[in-house]
Amino acid sequence: MPNFIRTLESRFEEIFCVTGLSVMASVIFFQVVLRVFFETAFHGAEEIAVYGMVTAVYLGCSLAIRERAHIRITFLIEKLPHKGQVICVVLADLLWMAFILLLLKESITWIQLLIEFDYISPALGINQKFPQSIVPLALCLMILRMAQVYYRWIVRDQAEGLPL
């Protein structure tokens with residue numbers, strides 16, 4: 001069981017990003033085939049593609065945090081001494097964390113509104129509180145991954161320094 005949990009922890013985002021992108025691409029391809037060859041359409045294809053895209057984007061952000069692969073403009077930071085680089089990166093991450101927390105607060109408010117007043121999607125007839133819950137869940141995962149990066153840096157390998 002610990003191997004499964006370790007694998008899930010290390011591959012969670014990849015699995016769901018690939019799934020989201022695959023669903024999106026497959027549904028769009030299926031929609032094109034239906035329209036071109038059969039002159040008909042699947043009325044829920046756009047919604048499904050959007051859900052796949054949103055899943056891939058938000059979980060991709062979490063993956064980028066885990067891998068420290070998100071976009072940074074490091075031209076000026078690279079000119080600083082190592083201690084200055086670390087301070088700048090930590091400050092930038094704190095600002096980013098504040099932004100993620102703000103997004104989380106607002107997304108929770110949005111989901112609470114969707115719970116209070118049912119909003120059913122027009123094409124698929126799905127209550128929107130379910131697919132839109134991916135946003136606050138992914139934001140929580142981003143916070144967890146950021147904490148994980150700093151935990152590993154502080155506790156395990158501070159000698160190597162924070163990955164810049």
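1. Helices here are DSSP runs of H or I with at least four residues, and strands are runs of E with at least two, numbered from the N terminus. Arg145 lies in helix H4. The model is a predicted one, in which local features need pLDDT of at least 70 and side-chain atom pairs count only at pLDDT 80 or more, while totals for chains, interfaces and linings use all residues. Residues are numbered from 1 along each chain as its sequence is written, and side-chain values use heavy atoms, with hydrogens and water left out.

2. Arg145 deserves a note. Its relative accessibility is 3%, so Arg145 counts as buried (buried is under 20% relative accessible area, exposed over 50%, partly exposed in between, with a 1.4 Å probe and protein chains only). Not counting residues up to four places away in sequence, Arg145 touches Glu9, Phe12, Glu13, Ser62, Ile65 and Arg66; contact means heavy atoms within 4.5 Å.

3. The largest nonpolar core has 14 residues. Such a core is a set of buried Ala, Val, Leu, Ile, Met, Phe, Trp, Tyr and Cys residues joined through side-chain atoms within 4.5 Å. Ile65, Ile100, Leu139, Met142, Met146 and Tyr150 touch the most other members. Beyond its neighbours within four places in sequence, Ile100 is in contact with Ile65, Leu139, Met142 and Ile143. As background, nonpolar side chains tend to be buried together in soluble globular proteins.

4. There are two aromatic pairs, under a rule by which rings of Phe, Tyr and Trp (its six-membered ring) pair if their centres lie within 6.5 Å, with planes under 30 degrees apart counted as stacked, over 60 as edge-to-face and the rest as tilted. For Phe12 and Phe16 the ring centres are 4.8 Å apart and the planes at 50°, so this pair is tilted. Phe12 and Phe16 are four residues apart in helix H1 (residues 2–38), about one helical turn. Both are partly exposed, Phe12 at 27% and Phe16 at 36%.

5. Tyr150 and Trp153 form an edge-to-face pair, 6.1 Å centre to centre with 85° between the planes. These two residues are three apart in helix H4, which puts about one helical turn between them. Tyr150 is buried at 15% relative accessible area, and Trp153 is buried at 13%.

6. The largest pocket holds about 210 Å³ of space. A pocket is an open set of points on a 1 Å grid over the protein atoms alone, where a 1.4 Å probe fits, with protein on both sides within 12 Å along at least five of seven lines; lining residues have an atom within 4 Å of a point. Grid points are joined across faces, edges and corners, and the volume is the space filled by probe spheres set on the points. The lining includes Ile77, Val89 and Trp96. Val89, in helix H3, is buried at 2% relative accessible area. Val89 and Ile77 are 12 residues apart in sequence and 8.3 Å apart in space, C-alpha to C-alpha.

7. Glu39, not a glycine, has a positive phi of about 50°; Glu39 sits in the loop between H1 and helix H2 (45–67) and is exposed at 73% relative accessibility. Arg68, also not a glycine, has a positive phi of about 55°. Arg68 is in the loop between H2 and H3 and is buried at 12%.
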